[in-house]
Amino acid sequence: MLLTAVTSINNGIYECERGRSKSDPYTLTVEDAAISSSTHYTNGATKTDSVARLIDMRSLLTLSVLLALIREDKGQKPAVFLLPMFPDVFAGDDVTLICKGRGEPIKWFINGDPQSHQGSSMLLTVVTSKNNGIYECERGGSKSDPYTLTVEELEPHAQLSPFIGGAVMSKGGGRNLVLYVDDDAYGWKCFVLRGESGFVIKPDVLNKTTAVIYAELKEAKRATFWCENGTRRSNAVTLKMTELKVMLDPPAAPALLRESVTLRCEVWGGKAEKATFYKDNKTIPDTDITKDTYIITSATQADTGQYRCHATYRYSHISADAARQEGDSDPQELKVIGGPPAATVESTSQNNLKCFCRNCPDNCTFYYWYHTLPNDPRRRLPENTQIITVEEGGLYSCRRVCGKGFSRFSNVYSYTGGPPAATVESTSPYSLGCFCRNCPDKCTSYYWYYTIPNDPRRRLPENTQIITVKEGGLYSCRMVCGKGFSRFSNVYSYTAQPEPVNVLPIVVAAILMVLGVSIVVLIALKRRRRGGGSVQATAQAKDKTTGGDYEQIQLTDQAVYHTLGAAEGQGQGEGQGEGQGQGEGGYEALKSVKVEMYQTLSSADSKTPAGESKGGYEQLPQKDKDYEAVAVEDNPYEELKAGQQANQ
């Protein structure tokens, strides 16, 4: 850092940091010279003297900075330090030893033995306890103090791994790394080391035990990512960059002895149609390859080496006529290590599980037990003994606590015995029921759970046996039985049903329409009856006044009965017995007679005398004045009127 024309503004405490090692503070104090229009200054110094003294002060400052740099780089002997600056180094980590200082040539020594490596940094990949030792470097004939590297053959507290993919990425790409912890993901910080520059990454906490970071290389060829919380940390994940379209993608986790290892030959933006794999430039037989994947079923030390692949591919998803292309990947190193000792879970009785670790060191004291339910993150159990009693079904695993770290996780043991299991069944298209036929009487209420893809399971507020469901997803339940629960039920996959149609308004509307039509019909019939009676009354009145100067109008059957009803009422008013007999006989005689109405047609040209009107009917007008006589049946109305006149 060069400071020019310093003033008191530059006063302060200066520190520097290389890697993660910070220097002692340096205090810089600059005294400003008092400048005025006077030719004399403090202590009688002239302007020329003052400027000269200020220049001397600046020169002394620059010289002191240069001397400090010389003392640091040349006056002091070189030093070896570690990147990343892990509090503890675990098996499988990638670390770099830096020889800090100046001077050439550079020499390295391990346990006093000279090494062929001559660079200022020494990269150690997938370290194990075999890398333990004393490391020294020499620059320009000056040798550093020894640095002791100790690798713990254990696993760290937390686990960091890619959500998808392996250790190789295309240039400019990125990848999500997921952090799993035992206690609480809050409070953890993550870091990345690109070359010799380190940066802090704030993780996004997904739930109590899980967080995620986005890992990208920027312009670096490789970068190492890890997370810390105080003295506890996760494993380190090293990601590498390739600029080729074809890439060999090994797993980001170390290859462990007697475990399977998968190598994939991938194509940027597409998929390989055929792949050929090479180990140390020797072709691997096609019998061990499935299209674009090479699987080592049980890794041994003999599988350690440099691997690459050759792929044939087409971008057929862009165009069906895309040309076939070929390409080679960068070589990638695969190192098979023994790794930390692994624990094992075994069943010792119907509901007892035991954690074994036969190769664990003596400083392994107690145990961590873990339980996993479907679609839930793994959670640590409170038990820390070798044998535990289990009641709830699910997946169980364990590991031993060994001082600064842990053994490897055990196998996953699937436990299905224990408490009675609940069952979820559909009781209607929109409801589910929770049943537990073997649950004891003390099981009273229910816990319901709901899960959608890529989300953790969550408990629903309902606690009844039957619930109404609307959203599609996975449903499960269990019964609450005093101090514990039944086993979780099966997972019921429910597909959301369409909303039911409410037919009540439609039915009500239909009924109202029918009632409305009925009312209209009844009103029309009633008016029709009233209209027939009016016509008959008008005819009677006109008959009395004009002596029959009209044409009879054909009546409906209802009008005839209405007229007869009036005659019956009149007969009853005059007397009992004989009148009633005559009235009833009159009705019987008229029941079978069809009543006709005729419309009176008046002629504007001539009028028939009153006497003739009683003896005949006017003819109806026809086309071309051609009239046709209308035949008339006996009119019961005339007979009834004649009978009434005779009685009078």
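**Strands, a buried arginine and a helix residue**

Me: In what order do the 4 strands of the open sheet stand?
Reply: The pairing among the 4 strands is antiparallel, and their order is E25-E27-E31-E30. Strand E25 (246–249) and strand E30 (289–290) each pair on one side only, which makes the edge strands E25 and E30.

Me: This is a predicted model, in which local features need pLDDT of at least 70 and side-chain atom pairs 80 or more, while totals for chains, interfaces and linings use all residues. Residues are numbered from 1 along each chain, and side-chain values use heavy atoms, without hydrogens or water. Which residue in E31 is the bridge partner of Leu-263?
Reply: Strands (E, at least two residues) and helices (H or I, at least four) are DSSP runs, numbered from the N terminus, and two strands pair if DSSP finds at least two bridges between them. Strands E27 and E31 pair over 4 bridges in the antiparallel sense. In E31, the bridge partner of Leu-263 is Tyr-294.

Me: Does Arg-457 count as buried or exposed?
Reply: Arg-457 lies in the loop between strands E46 and E47. Buried means under 20% relative accessible area, exposed over 50% and partly exposed in between (1.4 Å probe, protein chains only). Because its relative accessibility is 17%, Arg-457 counts as buried.

Me: What is the length of the polar contact between the side chains of Arg-457 and Asp-376?
Reply: A polar contact is a pair of N or O atoms within 3.5 Å; within protein, one must be able to donate a hydrogen and the other to accept it, and residues adjacent in sequence count only if both atoms are side-chain atoms. The side chains of Arg-457 and Asp-376 are joined by such a contact of 2.7 Å.

Me: What is the relative accessible area of Ile-519?
Reply: Ile-519 has its place in helix H2 (residues 504–546). Ile-519 is partly exposed, because its relative accessible area is 48%.
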